[in-house]
Amino acid sequence: MKEPTQMDITEKNPDNREASPKKVINDTLDDKSKSNGKSETKKAKAKKEIKEPQQTEIKELTPSQIVAELDKYIIGQDNAKKSVAIALRNRWRRKQITDDLREEIMPNNIILIGPTGVGKTEIARRLAKLTNAPFVKVEASKFTEVGYVGRDVESIIRELTDLGVTIVKSERAIEVQKKAEYMAEERILDIIIPPVKKKSEDSAQPAALGFSPSHAENDKEDNFNTREKFREKLNSGELDERVIEVDINTDGMPMMQVMGPMGLDDLGVNLQDLFSSVMPKKSKKRKMTVKEARVVLVQEEAQKLIDMDSVIKEAIDRVQEYGIVFIDEIDKIAGPNSKSQGPDVSREGVQRDLLPIVEGSSVTTKYGMVRTDHILFIASGAFHVSKPSDLIPELQGRFPIRVELNSLTEEDFVKILTQPQNALLKQYEALLKAEDVAIEFTNDGILEVARIAAEVNEQVENIGARRLHTILSTLLEDILFNTPDKIKEKKFNVNKNMVQDKLKDIVKNRDLSRYIL
């Protein structure tokens, strides 16, 4: 059921037009998963149709297209979106330049400054989904200076490299998907219909055994015809529930854990590769259905077909050229020197450790050396207690572009509630729809929720759009708790009167709203 009230507020939001291609793809996948009569090769085509456009399309996105994609989920903050879009596009522009000048062009790192709940972290989350480049988001407060217990900043690059290898590996898996499916199919058929064994004795002494060469040929032909019949049944799904015994490879090396502040990844050592020749892989027998075995065997065959040396080489190249690191809560490691004592003693040390990585250095990973010269760094912080000038001057210079994000207004709250594809009202509607309950928010109800959110942010503490979560959960608490056993109604209408009745006492009592809202 459509909500005409939301359409009035959003004024025919263009996001609805953008959602249609995704819906078509999802519907296609659902239909394919429901019908067991489809072959696995068609499923492979379906996967390819989804992922390939993503890879080609994202590399060609212009700054305005990047902003348009971010607009689907983030309201306002146009300056931050533009800065991020330009930085992303400049990665592609740099690759089009000749080799002489390309190495001299360094990325302009960005620092996003703004109160909590205005979209800094959300921009990072959407960028991670938008770009197929290696992207990692880290919390600055989790790192410590070298020599202290905790993670050192070089683990950021190791994590980024691991992600790059995973991305390239998944892309290669899609490329060999069809061949892997065919090989998995052959292994399943070998289990169900074992092939005719070749014996040298049969050909050497056919007369003594009472067999002729033509008889052996007939056996092979019969076996081939039987396999083809079972192949058709396999592809049509008739054998999906049949239980077979499959040999599955397992790691020969047991799980190992290093006790202490540093893990194996932090040491840059890959013990799995180190001991692979000493302790070869083992196989174990498992009973499973044909449907389950197909999935497991396809993964095994795909791993055999992937050349890991070329994967690692391409992944390192992609990390060095297109890698993006988002450092959140950078204000937590900033502060005057006089306060750098006690538990915060290593804050300035973390800044000093960040300097060479942001400026450009080589980091040892388990896949080899990774240069950070052209990795884009985006930092963000609320800077409630400290200010950007509290960062050490050298680190300030490494982030030349500063963007201030604005606090959210009542009008912004109305848009946040209705316009994005993942709008809060749409989420609650979907949750209650699972109980066969319809909930409708009227215009005046939405405006009242936005007004209360803005008012509480001004009076208590400004936590931005996160205030909407607390208000809506308090507003709909009774409906969510009593549905479906205590409330038999199938439709609810949330209007201005209902919002005021539920929240008026909490909003008026400032002490109470501190704890509830």
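This is a predicted model: local features need pLDDT of at least 70, side-chain atom pairs count only at pLDDT 80 or more; totals for chains, interfaces and linings use all residues.
I began with Phe383, which counts as buried at 9% relative accessibility (buried is under 20% relative accessible area, exposed over 50%, partly exposed in between, with a 1.4 Å probe and protein chains only). Its phi is near 55 degrees, a positive value in a residue other than glycine. I placed Phe383 in the loop between β8 (376–381) and α18 (393–398); helices (H or I, at least four residues) and strands (E, at least two) are DSSP runs, numbered from the N terminus.

Residues are numbered from 1 along each chain as its sequence is written, and side-chain values use heavy atoms, with hydrogens and water left out.

Next I visited the loop between α4 (63–71) and α5 (78–95), where I found Ile75. Ile75 is buried, its relative accessible area being 10%. Which residues does Ile75 contact, leaving aside its neighbours within four places in sequence? I listed Lys81, Asp412, Lys415, Ile416, Gln419 and Pro420, contact being heavy atoms within 4.5 Å.

Gln77 sits in the loop between α4 and α5. I noted a positive phi near 55 degrees for Gln77, a residue other than glycine. Gln77 is buried, at 8% relative accessible area.

My last stop was the cis peptide bond joining Thr483 and Pro484, with omega about 5 degrees. I found Pro484 in the loop between α23 (477–482) and β11 (491–494).
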